[in-house]
Amino acid sequence: MSTPDAPVRLESVRKVYGSGDSAVTALDGVTVDFPAGSFTAVMGPSGSGKSTLLHCAAGLDQPTSGSVTLVGNELVGKGETELTLLRRKHIAFIFQSFNLMPALNVWENVTLPTVLAEQKPDEQWVAKVIELVGLGDRVKHRPGELSGGQQQRVAIARALVSRARVTFADEPTGALDTQTAADVLALVRELAKAGQTVVMVTHDPVAASYADNVLFLVDGQIVSRLAEPTPEAVAAALAGLSSRAGKPDGLVQGRR
Amino acid sequence: MIKLALASLRYRTAAAIATFLAVMLGSAILIACGGLFESGLRLDSLPQRFAGAPVVLGGPEPEVGGYGERSGIGADVVGEVAAVDGVERAVADVSFPAVLVADPRPTDGGAYLAGHDWTSASLTPYTVRGDEPGAGEVVLDAVSAEHAGVKPGDRVEIVVAGEPESFVVSGVATARHQVDAPALFFAEDDVRRFSAHPDTVDAIGVFPAAGTSADDLAERLAARFGDLTVFTGDDRGTVEFAGIGTSFFPLILLSSIFGGMVMVVMGIVVAATIGLTVRQRERELALLRASGATPAQVRKMVLAETMVVAGLAVLCGLALGRFMGLWLFALITDRGVVPAKLEFQQGPVPFAAGIVLGLAAPYLAARLAARRAADTRPIQALVEAAIPPAEVGMVRRYLARVFAAATVGLAVTTPFLGAETAAATGGPAVLTGAIAVALLGPEIIDRLVGRAAGLIRRVGGTNGHLAVINTRTRAVQFAAVLMPITLGTAIALGNVYSQTTESAAREAGYAQQLQADAVVTSTFGAVTPGMLADVLGTPGVADASALVSSSGAIEQPEDTFHGEEGWPLLGVDAQERDPVIAMPVTAGSLADLDGNTVAVPRDAAEDLGFGVGDEISVRLGDGVLVDVRVVALLDSPWNYPSLVLPAGLLAPHTTAELPSQILVRAESGQDPAALVGTLRERVAGWPGTEVGGEDALLANFSSGLGMQAWINYLLAFLAIAYAAIATINTLAVSVLARRREFGVQRLNGATRRQVMRMLFLEGSVIATAGIALGAVVSLFTVIPMAIAVSHTVVPSGPVWVFLAVVLAAYLLVLPVTYIASRLAMKHTAAEAVSLPDA
């Protein structure tokens, strides 16, 4: 399934941490495309390499070998400043927690990437997006004054405002209750509908069911895919993975 | 970026305040030092008694900076000056010691030169009520007359040139300018009688003819009389007030040493504070990077944040620097280090220098910290704040080695420099040593705590266990607290103990050269032949000698050993039966010490290649060069030896013109205490005379030393106070930053009290380490100093200083820990864990 115009493409990506006897292979020859407008969930047991996949795809970490392309730009071998500029232009992040600059209020956090790119934010668009994520009455609040769900919405608004081509989400609902998580995930899906490529790492089958596709990772390799997922199908697939890996979850060798 | 920096600053006030205080105080102290430096360079002092004369001529300026005594002008020069084109009138001024017994106000510089000839009253000028003085008469200034409660026609007793004499007050003179010093005017014939050198005058006031400007005339006079010093405007006070000219050296020295010290302290403190605040925000900076900030943008933001704070701090430092300068200057003039009549000058230059240095230190520190911040990888936003390893980088390690090597180098050199110059290299060793420790701080903490882990655990139990883990893993943060404690302790112990060691050695050296069973001191600054005769005639007195102290230099043969520093000079009478000179005579005889003669330490004579009977040239304190014959070689103490000259030769070349002390030797079998009593009765007729035992000799000498010591203590105190504020800063910031961690700890079952006890233990560990390291660093100054001045490795000084420093360090660390931890734990544990980084 090769889509040459996919905003994010990984080809034979290997990532090895450490060296010699203590070397750990986090990614073992991963080749995958994330097409435009797609919403992909990446799943797998702890230590399967899903976070490493996200870091490499986003240019936060350099693979040991292989190639990563972001909107036609090769990321491997680029310097920190170049990578930053590419990320700033094309990528938005939503993390599990600590997404926002504590010193800045909602509006300032949402416009941060634009400001860093030394551009003037489109005020109407910003106001509309903040309204859209349901924070119209909290524009001047600082992150410390917001609930966890509200903080995640700010991060989503930030991704929307920056008009990023790709949004990487790392367990965006990991710290939220079920209802709040559902609201946040619905918003993430809106991102994809708006044409963004969304890649989300999660271990929650319900969260994964919001995606169009699910990738399953074990020991640094993509072992299966699931299209149009339901929570039940994802849970079943995960159960299969655990037995296949032959090791109980949590004891798999790995790093972060 | 500036906007972001400002938002971030508003949010992180604690850290911003820390940097602010460090920079503000640092630049204020630098500006104050700059003021002292400028005052020393300009040496402005507004004339008072000479205020009426637009141009004032003083005696020749000695080549070697001056040894502090007033120099004279030949009396015949007055006529020559008057004959110069454009001079309307030239008035000679003669000053000599005179004290109104009813009003013994001391004048500046400790010299009692209140006596003047009546003609010089026109230099001020004065308006007189009554008549001008004839022989046996005196005109008093209005203030003196009021204090003494006398009016024209009354009789007053005046100790003039050491002898009490009775005069009739012919008039009372009111100065048309402010004149603080008492002035007693005598008739010309009387003046000739009192003056120690009637053929010279002390100054010449010049009134230009109409149409001639003072500056032009001054230039002409300077060209005509090349060997005299010519002053106009605010410089004229230099001639009027004793000690203005010699203020140059102490002021320049003081301000540069202190300024340098503060610059180093500020550099270290600011670097520690900024480094600490950057490290604590690692996650936030990573997030900023993940949000699309380039390394360059992060660097700029950290720089911008720091420079905004530093800019504000320097602005406030300007005002504070002015006050601090005035305050410091008032302190040192009150103490008589420099004359009060010297003007404090703090022009634009000290302020500009304060601004530049006050901004440069934080800029450099921020550049370093920003480089580290820019290296933050965005991925770190996704993980818990990484704990930086205790190992320091290559550059730091290399620099630390360089500074450690410099410290050892200075320490090794100091003992070879001789007692007088040892302080120059001894002092900086404290600073280089402290810098080396600061650079290696994290590693040192890791190792020290690792060594002491067993002990800390035994003392603190569970808390001790946690404290060991925390201090080792957070070694980088704790190093920021360790630095100022180490620095403060090192400066305190280094400065104070070098000073006490040096003072003790000087006193011992002085005491070794003289011996006396009783000491007669004139508080009016003059003992006369009459008084000496009275003392000699006292039963039980075996011998007595006047004593004069001054300084000078051997000029011929060229003295390469003592060149810059000069020699202490002692003036005594010829020594026969029971010498007051305690040093054994190895060749020649002190009985010949009369006229133009000198007794020289044997070692110096050997070094310079002369012996008994040879002629050498000695530059005396007033700049006059005299040829003297060597009559004796002395087995002087090796540290602080003096040249010994006849009192009669030396005294006229001192500002006071007369000796101020008489040393008395008792006859064998005579009880010294009883002799003191007898002498006291005997000299009771001489106003202002005190009699003391042997200790009075040292007491007088120490009060002179006390001045220099006092400056050292003051500087040490200020540097320590600065280091103390830095300690409070870094400690508070580092504790407050850990509030989330304390929240987690409390959620896991720790009580507030337990957390606090753990923090106290950590604080004690760091304080102890800081004191220990500071003490070790100070040894690199103190021990070489002890070797240099006394040839032993044991420094002398009171133990309480060390105890006070230890106590101060704990008294600083523990209460600050208490307050900061109270603040850090004001939230409930559950709230605390969700708080952002402070």
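# Exercises on a predicted two-chain model

The model is predicted: local features need pLDDT of at least 70, side-chain atom pairs count only at pLDDT 80 or more, and totals for chains, interfaces and linings use all residues. Residues are numbered from 1 along each chain as its sequence is written, while chains are lettered from A and ligands numbered from 1 in the order in which they are written.

**Exercise 1.** State the mean pLDDT of chain A, and find where the pLDDT is below 50.

*Solution.* Start with the chain: the mean for chain A is 84, and 92% of its residues reach 70 or more. Then look at residues 245-256 of chain A, where the pLDDT is below 50. Beyond near neighbours in sequence, this stretch has 24 contacts in the model. Two residues are in contact if their C-beta atoms, placed from the backbone, lie within 7 Å.

**Exercise 2.** Describe the side of chain A that touches chain B.

*Solution.* Step one is the count: 25 residues of chain A are in contact with 24 residues of chain B. Step two is the elements: α2 (80-90) and α3 (106-116) of chain A each supply at least two residues of this side. The most comes from α2(A), with 6 residues. Step three is the composition of the chain A side: 14 nonpolar, 4 polar and 7 charged. In this count Ala, Val, Leu, Ile, Met, Phe, Trp, Tyr, Cys and Pro are nonpolar, Asp, Glu, Lys and Arg are charged, and the others, Gly among them, are polar.

**Exercise 3.** Which residues of helix α15 (residues 529-536) of chain B are buried, and why are they on the same side?

*Solution.* A residue is buried if 20 or more other C-beta atoms lie within 10 Å of its own, exposed if 12 or fewer, and partly exposed in between; C-beta atoms are placed from the backbone. The buried residues of α15(B) are M531(B), L532(B), D534(B) and V535(B). They are on the same side because they cover an arc of only 160 degrees around the axis, the arc being that of the directions from the helix axis to the C-beta atoms. The face turned away from the buried side carries the exposed residues P529(B) and A533(B). Finally, the buried residues of α15(B) pack against β15 (518-522), β16 (541-556), β23 (661-666) and α18 (672-682) of chain B.

**Exercise 4.** Find the strands of chain B that pair with β16(B), among them β23(B).

*Solution.* Two strands pair if DSSP finds at least two bridges between them. Take the partners in turn.

- With β23(B), the pairing is antiparallel over 6 bridges, and D543(B) stands opposite R665(B).
- With β17 (residues 567-572), 5 bridges are found and the strands run antiparallel; S549(B) has L570(B) as its bridge partner.
- With β20 (residues 615-619), the antiparallel pairing has 3 bridges, and A553(B) faces R619(B) across them.

**Exercise 5.** Is K78(A) buried or partly exposed?

*Solution.* First place the residue: K78(A) lies in the loop between β5 (73-74) and α2 of chain A. K78(A) has 17 C-beta neighbours inside 10 Å, so it counts as partly exposed.

Technical notes. Helices (H or I, at least four residues) and strands (E, at least two) are DSSP runs, numbered from the N terminus. pLDDT is the predictor's confidence in each residue, from 0 to 100.
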